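Colleague: Could you walk me through how to read this model? I would like the general idea behind each feature, then the case at hand.

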Amino acid sequence: TFSLSIDEGKATVHTFSATEGFVWSINSGADASKFSITSEGLLSFVTTPDYETPTDSGANNSYDVIVRATGAGDVFSDQTVTVVVADVDDTAPVITGPSGGAGSSTSTVEINENSTAVHSFSATDVDTTADATWSLNGGADASLFSITSAGVLSFDSAPDYETPGSASSSNSYEVIVNATDGTNSDNQTVTVTVANVDDVKPVITGPSGGAGSSTSTVEINEN
């Protein structure tokens, strides 16, 4: 018997050798249909294996095949081979934003003016249990935002509906957030809409002092 490990996403397994004049073939094995071998002994997967979706008979990323070397006079020798497929980090984090569902490339959120908190993002990654690390990766209004390594997006300064500061001079702000697992990363374009709130006090005009004066005076005649 012979066992070896290869990374997922690779088809080539091993090149076998034998004394001169032998021809190689696949004899049997629980996962024989997953392999091919050249007459010179190059064993390969028919379809590159994926660790996250194993197709071996045991569904555990351990593939069994028996290879045969046949010589003159039909003399042959068999070897049982176990190929273990190893996991590699080949998948980017899947971002969940304020709208659009997991994996959406865009999302939208509305916040009230005079607030800085926007949204706390999350991500999942089939290749690791570690948390994603977050950063900003562009967008017309990226300079107005910050994001923590844990995915909390905020305005640097609270926006004012009456004096919008977006690149489009509107109350619609665009920023791109990025999540990385250290090897692969993904982006989501976020549109933040700032909503108006009643944050302006009434301006009183009294008998003197003008509009907005905190005091005023008035004189009336008796009777």
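This is a predicted model: local features need pLDDT of at least 70, side-chain atom pairs count only at pLDDT 80 or more; totals for chains, interfaces and linings use all residues.

Modeller: Numbering runs from 1 along each chain as its sequence is written, and side-chain values use heavy atoms, without hydrogens or water.

Colleague: How many helices and strands does the protein chain have?

Modeller: Both are DSSP runs: helices are H or I of at least four residues, strands E of at least two, numbered from the N terminus. Here there are zero helices and 16 strands.

Colleague: What does the radius of gyration of the protein chain come to?

Modeller: It is taken over C-alpha atoms, and the globule rule is 2.2 Å times the number of residues to the power 0.38. A compact globule of 223 residues would come near 17 Å; the protein chain has 33 Å. Its C-alpha atoms fill a box of roughly 135 × 30 × 20 Å along the principal axes.

Colleague: Which residues have the most contacts inside the largest nonpolar core?

Modeller: Such a core joins buried Ala, Val, Leu, Ile, Met, Phe, Trp, Tyr and Cys through side-chain atoms within 4.5 Å. Buried means under 20% relative accessible area, with a 1.4 Å probe and protein chains only. The largest core has 19 residues; Val118, Phe121, Trp134, Phe145, Leu153, Phe155 and Val192 have the most contacts inside it. β15 (172–180) is one of the strands supplying at least two residues. β15 gives the most, with four. A second, separate core of 17 residues includes Val13 and Phe16.

Colleague: How much of the protein chain is buried?

Modeller: Of its 223 residues, 28%.

Methods:
Buried means under 20% relative accessible area, exposed over 50%, partly exposed in between (1.4 Å probe, protein chains only).
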